[in-house]
Amino acid sequence: MNLSDCKLSRNAFGKLVVTTKDQIHEGVVPVRSFPITAINEGIALVDGHGHEVIWIDSLAELPETERILIEQELASREFMPEIKYIDRVSSFATPSTWQVQTDRGETCFILKGEEDIRRLSLATLLITDSYGIHFLIRNRSMLDRHSNKLLDRFL
């Protein structure tokens with residue numbers, strides 16, 4: 001089923017609702033298939049049990065009101081700061097504390113082990129801190145020399 005065959009709205013509690021000819025699905029949640037490499041393509045609206053209700057090929061194909069509802073819901077659920085600069089690390093042995101500049105401001109986090117740095121592609125890295133928060137390095141070649149030098153010690 002696609003979104004053109006139904007209606008997307010919010011209920012009184014702020015939850016997304018998909019209304020079809022046959023059924024009302026309350027509390028649907030948008031889930032990106034490829035949250036890093038194709039953020040606006042391949043989005044499923046799933047019910048509370050994780051069953052797909054609607055598949056959306058591309059957000060750009062949606063009418064503006066539905067697109068905005070889905071983007072707002074995704075923004076409220078997703079938190080993945082993008083690292084722009086690595087100021088310093090406390091130690092080259094883990095666990096270590098990293099001070100970084102992100103697209104959301106300055107922060108520090110604890111890296112438990114080198115296995116918490118995951119290579120997604122040649123240039124893209126995903127770093128998970130001790131609390132399970134994911135930090136993204138979208139393009140390692142865009143980092144400055146100092147940041148790359150620190151990062152090399154852990155890869």
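**Figure 1. Glu71 and Arg67 both belong to helix 1, where four residues, about one turn of the helix, separate them.** The model is predicted: local features need pLDDT of at least 70, side-chain atom pairs count only at pLDDT 80 or more, and totals for chains, interfaces and linings use all residues. Residues are numbered from 1 along each chain as its sequence is written, and side-chain values use heavy atoms, with hydrogens and water left out. Helices (H or I, at least four residues) and strands (E, at least two) are DSSP runs, numbered from the N terminus. The side chains of Glu71 and Arg67 form a salt bridge (3.1 Å, N to O), the term denoting a side-chain nitrogen of Lys or Arg within 4 Å of a carboxyl oxygen of Asp or Glu. Glu71 is partly exposed at 32% relative accessibility, as is Arg67 with a relative accessible area of 23%; buried means under 20% relative accessible area, exposed over 50%, and partly exposed in between (1.4 Å probe, protein chains only).

**Figure 2. The buried residues of helix 1 are Glu66, Leu69, Ile70, Glu73 and Leu74.** They lie on the same side of helix 1, because they cover an arc of only 130° around the axis, taken from the directions from the helix axis to the C-beta atoms. Glu64, Thr65, Ala75 and Ser76 are exposed on the other side of helix 1. The buried residues of helix 1 pack (contact: heavy atoms within 4.5 Å) against strand 1 (7–10), strand 2 (16–19), strand 3 (24–32), strand 4 (41–46) and strand 5 (52–58).

**Figure 3. Glu82, Lys84 and Arg138 are joined in a network of salt bridges.** Within this group, the side chains of Glu82 and Lys84 meet at 3.3 Å, N to O. Glu82 is buried, its relative accessible area being 15%, whereas Lys84 is partly exposed with 46%.

**Figure 4. A salt bridge links the side chains of Asp152 and Arg140 (2.0 Å, N to O).** Asp152 lies in helix 2 (residues 145–152) and Arg140 in the loop between strand 11 (134–137) and helix 2, so the pair ties together parts that are twelve residues apart in sequence. Asp152 is partly exposed at 44% relative accessibility, while Arg140 counts as buried at 16%. The count of salt bridges comes to five.
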